[in-house]
Amino acid sequence: MVNLYIKDFLNKDVEHYLRPLDSGHIRNGKTTFCAYHYLVDSNGTVKKLLSDKYIGWHCGNWEYNTKSIAICINDNLENKSPNKKVINTLKNLIRKYQYKTNISQILGHCEIKPTTTCPGKSFLGEKGWKNLLY
Ligand SMILES: [Zn+2]
């Protein structure tokens, strides 16, 4: 992670120049890195894991890591869609950012890293649950 990060950390032309790669979470005196900004449980509750000012290490693509907010759903969605509570939570969370930043793109992990099916086989497509998030 550090090898990938350091070249961007020292690059004056990128937004995160000299921006710390740090979660702000300390455990036993050491920084704990969080991959995601949010964790949504299957009952629809949200936990904030990482401040928006920090880069989440979440999608396997550094450029996307630096310009995205990562939401992890705490459930096995390989062969099912999230329940209504989770969908509503995701919608509210995404709306908040769309309102704040005017960014409307929603991408699943598999759309950035095609070697993964995350967040599950029913995310994409005409009837995919991604459509429920807009
Ligand atoms: Zn993933």
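Modeller: Let's start with a term: a salt bridge means that a side-chain nitrogen of Lys or Arg lies within 4 Å of a carboxyl oxygen of Asp or Glu. This is a predicted model, in which local features need pLDDT of at least 70 and side-chain atom pairs count only at pLDDT 80 or more, while totals for chains, interfaces and linings use all residues. Residues are numbered from 1 along each chain as its sequence is written, and side-chain values use heavy atoms, leaving out hydrogens and water.

Biologist: Thanks! How many salt bridges does the structure hold?

Modeller: Side chains of opposite charge can pair when their charged atoms come close. Here the structure has 6 salt bridges. One of them joins Glu 63 to Lys 67, with 2.9 Å from N to O. Another links Asp 52 with Lys 48 at 2.4 Å, and Asp 75 meets Lys 80 at 3.3 Å.

Biologist: Where is Tyr 17 found?

Modeller: Tyr 17 sits in the loop between helix 1 (2-9) and strand 1 (25-27). Tyr 17 is partly exposed, with a relative accessible area of 31%.

Biologist: Which residues form a nonpolar patch on the surface?

Modeller: A patch takes residues with over 30% relative accessible area and no salt bridge; like charges are joined within 9 Å, and nonpolar side chains (Val, Leu, Ile, Met, Phe, Trp, Tyr) within 5 Å. Accessible areas come from the Shrake-Rupley method with a 1.4 Å probe, and for residues only the protein chains shown count as cover. In this model Leu 10, Tyr 17 and Leu 18 form the patch, with about 280 Å² of accessible area together.

Biologist: Which residues are the protein donors of the zinc ion?

Modeller: Donors are N, O and S atoms within 2.8 Å of the metal (3.2 Å for Na, K and Ca); water is not among the atoms, so sites may look incomplete. The zinc ion's protein donors are His 109, through ND1, and Cys 118, through SG, at 1.9 to 2.2 Å. His 109 is partly exposed at 25%, and Cys 118 is partly exposed at 33%.

Biologist: How many disulfides are there?

Modeller: A disulfide is a covalent bond between the sulfur atoms of two cysteines. For counting, a pair of cysteine sulfur atoms must be within 2.5 Å. By this rule the count is 0 disulfides. Cys 110, for example, is in no disulfide, and the nearest cysteine sulfur, that of Cys 118, is 7.2 Å away. Cys 110 is buried, at 14% relative accessibility.

Technical notes. Helices (H or I, at least four residues) and strands (E, at least two) are DSSP runs, numbered from the N terminus. Buried means under 20% relative accessible area, exposed over 50%, partly exposed in between (1.4 Å probe, protein chains only).
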